[in-house]
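Below is a short briefing on the fold of one protein chain. Please read it alongside the sequence and coordinates.

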Amino acid sequence: MGEPKCQYYDHRSKRVVFMPHCLLNCNAKYPGSADTEGVYLDLFQPIADRDIGIEQMPCLEIMGWGGVDRPLVLYKLDPEKKDADWIQSYPNLCQQEAMKVVDQIEDYINCGIEVAGVIYVSDSPTCGLTDTLAFPDVHYQIMSMDIIPEKLFDYEYKRNHIWPYLKSDGKGAFMYPMYKEICRRRLPVPFIPFKPSNPRRIEIERILGALGLN
Ligand code: SF4
């Protein structure tokens with residue numbers, strides 16, 4: 001970090017926040033996990049109203065698990081083949097994409113633009129930070145629960161009968177390397193959790209408070 005590279009004589013607010021892909025687009029969520037039709041408007045509207053720009057981070061699960069419906073996890077996961085190529089390469093993919101986002105954050109800061117926060121999804125094996133579900137172990141655990149297939153895609157069933165029983169002893173495959181690199185580069189960026197299983201109003205109030213918007 002040093003002096004900003006450039007001065008802007010325009011209308012930008014010089015504040016941005018980095019958001020997980022699926023909070024701006026719930027259609028990207030893991031099958032059976034979407035709790036909103038499209039955009040978390042109750043989170044984004046107050047941020048937009050306060051003139052903060054929103055950067056949407058990539059969805060690594062779509063990139064690394066075969067697409068929107070995660071076919072690799074849902075149909076190809078085999079506990080007897082834990083060394084499958086796509087499983088082995090997922091942490092590297094996440095690491096590479098995490099470094100790209102950190103570069104982008106650093107570029108903003110070097111240009112005099114404040115990165116007000118990075119929001120993470122605190123129960124995701126990918127966009128969680130610590131104490132989160134672990135990939136691929138969480139999927140082996142779900143397989144061992146012998147759930148009838150259609151219930152795997154049922155939001156209310158998952159919320160009540162699956163998620164509360166999953167182990168949360170992992171680090172997010174994408175978010176944790178990002179956090180470590182932000183710390184290593186000493187970039188002044190707070191990481192702010194969003195926990196989908198908590199009441200949404202409470203989560204949003206807490207995030208807006210952390211961004212100084214309450
Ligand atoms: S990987 Fe991240 S962005 Fe994609 S659905 Fe999971 S939490 Fe959302």
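Four strands form an open sheet with parallel pairing, in the order 2-1-3-4. Strands here are DSSP runs of E with at least two residues, helices are runs of H or I with at least four, and both are numbered from the N terminus; two strands pair if DSSP finds at least two bridges between them. The model is predicted: local features need pLDDT of at least 70, side-chain atom pairs count only at pLDDT 80 or more, and totals for chains, interfaces and linings use all residues. Residues are numbered from 1 along each chain as its sequence is written.

- Strand 2 (53–56) and strand 4 (191–194) are the edge strands, each pairing on one side only.
- Neighbouring strands of this sheet are turned by 25 degrees against each other on average, direction ignored; axes are lines fitted to C-alpha atoms, for helices over the stretch in contact, and angles run from 0 to 180 degrees between N-to-C directions.
- Strand 1 (residues 15–19) and strand 3 (residues 114–121) run parallel and are joined by four bridges.
- Val16 stands opposite Val115 in strand 3.

**Helix on the sheet**
- Helix 9 (residues 200–210) packs on the sheet and touches strand 3 and strand 4, where contact means C-beta atoms, placed from the backbone, within 7 Å.
- The direction of helix 9 makes about 170 degrees with that of strand 4.

**Whole chain**
- The protein has nine helices and four strands, running β-α-α-β-α-α-α-β-α-α-α-β-α from the N terminus on.
- The C-alpha trace spans about 60 × 35 × 25 Å along its principal axes.
- Among contacts between residues at least 6 apart in sequence, 77% join residues at least 24 apart.

How values were computed:
Contact = placed C-beta atoms within 7 Å.
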